[in-house]
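Analyst: Please look over the structure shown below. The questions that follow go through it one topic at a time.

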Amino acid sequence: MPHRIQRPLTVLGIETSCDECSASIVTAQPNSLVCEVQSLATFSQIRLHQPFGGVVPEVASRNHLETINGILDQALREAGNPEIDAIAVTSRPGLVGALLVGVSAAKALAYARKKPLIPVHHLEGHAASIFLKKPGTPILPEIESPRLPMLLAIVSGGHTNLYVMRNSPSEWPIDFLNEALVGRSRDDAAGEAFDKTAKLMGFPYPGGVWIDRKAQENGNGKAFDFPRALPRKTDLDLSFSGLKTAVSLVIQDLKKNGQFEERLPDLCASVQEAIIDQLLTKISRAAQAHGCKSLALVGGVSANSRLRARLESEWKSYGFEVPPLVPPLAYCTDNAAMIAAAGMFRYRQGYYLRGDEFLTLNATANASALPEFDLARIVSPKEGHA
Ligand code: KG4
Ligand code: ZN
């Protein structure tokens, strides 16, 4: 068992893997899983990418370069410029040029301040987001001692992954993301399915929230019968590939008949229902197949009001013992607090780089949980470092 640090810790997190430039200071008490967010500064580039209908990698990395110093200053200042124990940064996966900005800033800071550096897998950050708490809010018992195994659904614009979390984060195996994955989308992520169908309807990027809003104008989720893919009983994978074609055919029809505007709420509600139905079917199936006692739902799509409402009324029927953990939206979408929390857990386990070890750390675009490059250097937890 790696050496445990027996004192309160303060970690600076940095996230630049896609179109959010974010920095955060997070603290944790010894022997507690709860990570308190002392500050979170985030600049969202959504408006910059909107004219292009999606994230443009070059635009993203250039903007991160312009923004990162101000965001770091803000996060440090808002937390009262505390003494930092370690710096955590998303090093994989993501847009490589965007990741590099965060990784370079983190390396420079760690070098200047002589602090250890923790390279964090972006999805491990999402997994850690359920342990975040705003100062002054109560500690939920399900967070301090999670009901395991826990089904973790990461549902965002880039991923729709189902994991069975068997350990609390202080015991996460170094490669736990690979080991815990039980289901994933074979094509588009759920958020992508929202965004692409929203684009067909003429909504700006990212369209998920527009579909959500329009559906709330009395939309009937049963008005159009869109495909729910991969319905086979044992399968825990998802697919949203047939949805776009089906939606575009309905749009053509409605436009031809001059009914598009009037039926838009029904169309949005039906698309939303098709995506949510598939998500909940697979969540329920995964929970039963793996005996999961609780559910954590993270990622941008967890903001969807219909998904939240259905989960609230249906969670017991899926076999969960406690209500689903859905963090506040600021911690669900990409943010640096979740990276700091994931870094906190790894740091406590002794998985970090120090001194010269991190100077050659690189950003990695692909999602492999731990690149050989890092594995070689951080696979043996450091001992006696507290
Ligand atoms: O986690 P996130 O902020 O970024 C990554 O993709 O990593 O997720 C963004 C996704 C987008 O696809 C967006 O359309 C979707 O989350 N989203 C929503 C809602 N709010 C954001 N989808 C459905 N309903 C919403 N209310
Ligand atoms: Zn993300």
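User: Is Asp334 buried or exposed?
Analyst: The relative accessible area of Asp334 is 17%. The term buried means under 20% relative accessible area, exposed over 50% and partly exposed in between, with a 1.4 Å probe and protein chains only. Asp334 at 17% is therefore buried.

User: What kind of model is this?
Analyst: Residues are numbered from 1 along each chain as its sequence is written, while chains are lettered from A and ligands numbered from 1 in the order in which they are written. Side-chain values use heavy atoms, with hydrogens and water left out; local features need pLDDT of at least 70, side-chain atom pairs count only at pLDDT 80 or more, and totals for chains, interfaces and linings use all residues, since this is a predicted model.

User: How many residues apart are His122 and Asp334?
Analyst: His122 lies in helix 4 and Asp334 in the loop between helix 12 (329–332) and helix 13; helices (H or I, at least four residues) and strands (E, at least two) are DSSP runs, numbered from the N terminus. His122 is buried, with a relative accessible area of 5%. The pair links distant parts of the chain, the separation being 212 residues.

User: What distance separates the end C-alpha atoms of helix 13?
Analyst: The expected span of a helix is 1.5 Å times one less than its number of residues. Helix 13 has 14 residues and should span 20 Å. The distance between its end C-alpha atoms agrees, being 20 Å.

User: How many of the 14 residues of helix 13 are buried?
Analyst: Helix 13 is largely enclosed by the rest of the structure. Just after it, Gly350 takes a positive phi of about 95°. The number of buried residues in helix 13 is 14 of the 14.

User: How many aromatic pairs are there?
Analyst: Rings of Phe, Tyr and Trp (its six-membered ring) pair if their centres lie within 6.5 Å; planes under 30 degrees apart count as stacked, over 60 as edge-to-face and the rest as tilted. By this rule the count of aromatic pairs is seven.

User: What type of pair do Phe131 and Phe345 form?
Analyst: Phe131 is in the loop between helix 4 (122–128) and strand 6 (132–133) and Phe345 in helix 13 (residues 336–349), so the pair ties together parts that are 214 residues apart in sequence. Phe131 is buried at 1% relative accessible area, and Phe345 is buried at 2%. With 5.6 Å centre to centre and 85° between the planes, the pair is edge-to-face.

User: Which residues form one aromatic cluster?
Analyst: The rings of Trp172 and Phe176 are stacked, because their centres are 4.4 Å apart and their planes at 10°. Trp172 is buried at 2% relative accessibility, and Phe176 is buried at 4%. The members of the one aromatic cluster are Phe131, Trp172, Phe176 and Phe345.

User: With which residue does Ser32 join its side chain in a polar contact of 2.9 Å?
Analyst: A polar contact is a pair of N or O atoms within 3.5 Å; within protein, one must be able to donate a hydrogen and the other to accept it, and residues adjacent in sequence count only if both atoms are side-chain atoms. Ser32, in the loop between strand 2 (20–28) and strand 3 (35–44), is buried at 10% relative accessible area. The side chain of Ser32 reaches the backbone nitrogen of Val34 at 3.1 Å. The partner of Ser32 at 2.9 Å, side chain to side chain, is Glu144.
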